[in-house]
Amino acid sequence: MTELNHRAELAALRVVALEDILSTSDAELRKEAVDDGEDVAAVAADLKAAMREAAAAALRQRLSQAKARMTARPAADLGRPVRPPMEQLKQLIQEVFASDRSLGLAFREGKRQSDADWESLYDDLVALGKIQPASHED
Amino acid sequence: MESGKPPNDDPATDDDIRDAIEALTEDDALRLRKAAQGFLAGTEYQDPKELINEAVLRAMDGTLGSHGRHWPKQRVPFVAFMIMTMMSIADGSRESHLMSRTDRLEGLSLKGEGADHVLDYLGFWTRSVEDEALDAEEEAAATARAKVDADRIDALFAGDQEVSWLVMCIKEGKSPAKARELAGFTTTEYETIRKRLRRGVAKLFPGRRSA
């Protein structure tokens, strides 16, 4: 068998595994886990936590990339939005976070922010289109 | 269904995916993990959780439209979508087995919830840009891994004539159904052998990370 066919063989074995997984009831899968000495609740909690973190990481990466694109532009083209007064700026950001939970997740580690952080965050949200500068410019 | 063209579903958003993760039951999570264990051989992933996480990342990318894996949330349960995404990632090679997969899965008696949706989804499952983008170096690494892992599987079942027969038939390109027919296995016998194969492989590749 050629090496390429080993890949085909493993792909075919995955099909067999898929058939078996789809043909096996929840109760049977649970029994397998228990027979293997696994704590089903702990396994599930661990897996969900990992998936939750993976989703958060994807959002953080997306925001980071958006920020990198912004900072990579020449200053003249940056077009940094005119920021509103600090209290209004904070209110705008909080409104956006309240309406888009995914942003809250991405920034969940930032519980206390300096004014500079708020301004940077505001710029990021404008860059992402989550805040329209015109919405507060009179 | 028009093959290769996903229906115009309401596209899943980031929040849809996060909500689906939160809504996973213990049984759902266990099924995802079992599937990942069954798919791990021959991949570069060190642990079933890594494969599952990669599927989450692809799903999140899919919400942007042009990259990743699009979850047709109206038609396919999240668990089924994740299982098929993991399988696609694990295959991760230029040779597509989608058609043979579909042939083999058609007519299968399925007990798992959402299985019909998996079959449905296979009809329009398409390869992603990432799948096509493997470079020569990755190809070489993948083929080397496949040989090592295929040899390990052979060695594991060297003393199990029934599983070895099934594996040998697969090596020769025969479908599992054909292998069952040739060996004269009853449906129950075949299902038992198949389960032994799946569980054995899962225990063989619980995680590759060296201590």
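A residue is called buried if 20 or more other C-beta atoms lie within 10 Å of its own, exposed if 12 or fewer, and partly exposed in between, with C-beta atoms placed from the backbone. The model is predicted, and local features need pLDDT of at least 70, side-chain atom pairs count only at pLDDT 80 or more, and totals for chains, interfaces and linings use all residues. Residues are numbered from 1 along each chain as its sequence is written, and chains are lettered from A and ligands numbered from 1 in the order in which they are written.

**View 1. Helix α1 of chain B, residues 14-23**. Helices (H or I, at least four residues) and strands (E, at least two) are DSSP runs numbered from the N terminus. B:Asp14, B:Ile17, B:Arg18, B:Ala20 and B:Ile21 are the buried residues of this helix. Their arc around the axis is only 160 degrees, which puts them on the same side of α1(B); the arc is taken over the directions from the helix axis to the C-beta atoms. B:Glu22 and B:Ala23 are exposed, on the face of α1(B) turned away from the buried side.

**View 2. The side of chain A that touches chain B**. Contact (C-beta atoms, placed from the backbone, within 7 Å) links 43 residues of chain A with 58 residues of chain B. Helix α1(A) gives the largest share of this side of chain A, 20 residues. By class, the side divides into 26 nonpolar, five polar and 12 charged residues. Ala, Val, Leu, Ile, Met, Phe, Trp, Tyr, Cys and Pro count as nonpolar, Asp, Glu, Lys and Arg as charged, and the others, Gly among them, as polar.

**View 3. Helices α9 (161-171) and α11 (187-204) of chain B**. Their axes come within 9 Å and cross at roughly 85 degrees; axes are lines fitted to C-alpha atoms, for helices over the stretch in contact, with angles from 0 to 180 degrees between N-to-C directions. α9(B) and α11(B) are therefore roughly perpendicular, a term for angles of 65 to 115 degrees. α9(B) contributes B:Glu162, B:Val163 and B:Leu166 to the contact, and α11(B) contributes B:Ile193, B:Arg196 and B:Leu197.

**View 4. The largest nonpolar core**. Such a core is a set of buried Ala, Val, Leu, Ile, Met, Phe, Trp, Tyr and Cys residues joined through C-beta atoms within 7 Å. The largest has 65 residues, and B:Leu51 and B:Phe39 are among those with the most contacts inside it. Not counting residues up to four places away in sequence, B:Leu51 touches residues including B:Phe39, B:Tyr45 and B:Met86.

Methods: Contact = placed C-beta atoms within 7 Å. Parallel < 35°, antiparallel > 145°, perpendicular 65-115°, else oblique.
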